[in-house]
Amino acid sequence: MDKMKNLCWFLFLLPLLGLSACKSKTDEPQEPGSYIESYVEPGAINIREFGHDTWDGEKKVMWRYSVKSQYVYRRGSEKYQELSILYGDTAFYDNMLPPDNPNKIERSRLELSFFDFNLDDGLASPSREHMPYVAFAKPVVAIDVVALDDYDDEHPKGSSLNDIAFVLFFECWHYIQSGYQLKYHPYWNPFSLVYLSDFPEEPIKLMNIVIQFLFLREPATADNHRVQLTYRFEGGGEVTGILETNKIYPEEKYSEE
């Protein structure tokens, strides 16, 4: 009788023991990780689109562009780990991202395209589908624009156009430095804006390579005007692209290099 009683107790407790084991497994604290998907050593500037816009009542020409990679440091590599430690990107958890859009279409991370979003109404929206963030491996110390043709009366061929130019871009340095506070998330906020003639003394860290914009005052004539855009990086190195006002640039989708 005692043996039967013990067996009954064992059979009763067995599912509870299983539940307890499962619970302890799922309750284990999540290991912290890194927000940045990969780091890039740039190779070239890829121009995606040219257009016209009005900013503060003044007509502008605008280029949308990204940077092609020469070297990519991905998760799991020694260089990626080194850069994550250098920039303090080591305490990230998935719940630090903005909330998901419940109506979004499920797709893999590599299928996501930033350009699928409507930039006119989505800059401050949390519904970004959390595109993987790809950053420059080195801080940007300067961005320069030079006229390759006579641009207007004040800017002949060979002169700097920095005084009439500014760029828009994403950066995640402040997001990481804040301890991943949502209000600093790069896709939660509008673009950062920098006038090239007033470039900050401190280099810009963790700039996104994927989507950036250059705005210039309209040239004096409707002729084709070429300008040279150059990014300069801390410790040396630069990447350059030639932009043209009368060139039609094909639309391209972003894919991880």
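Arg 75 is partly exposed in this predicted model, with a relative accessibility of 39%. The side chain of Arg 75 takes part in a salt bridge with Glu 37, in which the closest N and O atoms lie 3.3 Å apart. This pair connects distant parts of the chain, the two residues being 38 residues apart. Arg 75 belongs to the loop between strand 2 (58-74) and helix 2 (78-86), while Glu 37 belongs to the loop between helix 1 (2-26) and strand 1 (38-55). Glu 37 has a relative accessibility of 14% and therefore counts as buried, because the cut-off for buried is under 20%.

The structure holds nine salt bridges. Another of these is formed by Glu 58 and Lys 60, with an N to O distance of 3.0 Å. Glu 58 is partly exposed, at a relative accessible area of 33%. Lys 60, at 8% relative accessibility, counts as buried.

A salt bridge is also found between Glu 154 and Arg 217, where the closest N and O atoms are 3.5 Å apart. Glu 154 has a relative accessibility of 56% and so counts as exposed, since the cut-off for exposed is over 50%.

Conventions: Residues are numbered from 1 along each chain as its sequence is written. This is a predicted model: local features need pLDDT of at least 70, side-chain atom pairs count only at pLDDT 80 or more; totals for chains, interfaces and linings use all residues. Side-chain values use heavy atoms; hydrogens and water are left out. A salt bridge is a side-chain nitrogen of Lys or Arg within 4 Å of a carboxyl oxygen of Asp or Glu. Helices (H or I, at least four residues) and strands (E, at least two) are DSSP runs, numbered from the N terminus. Buried means under 20% relative accessible area, exposed over 50%, partly exposed in between (1.4 Å probe, protein chains only).
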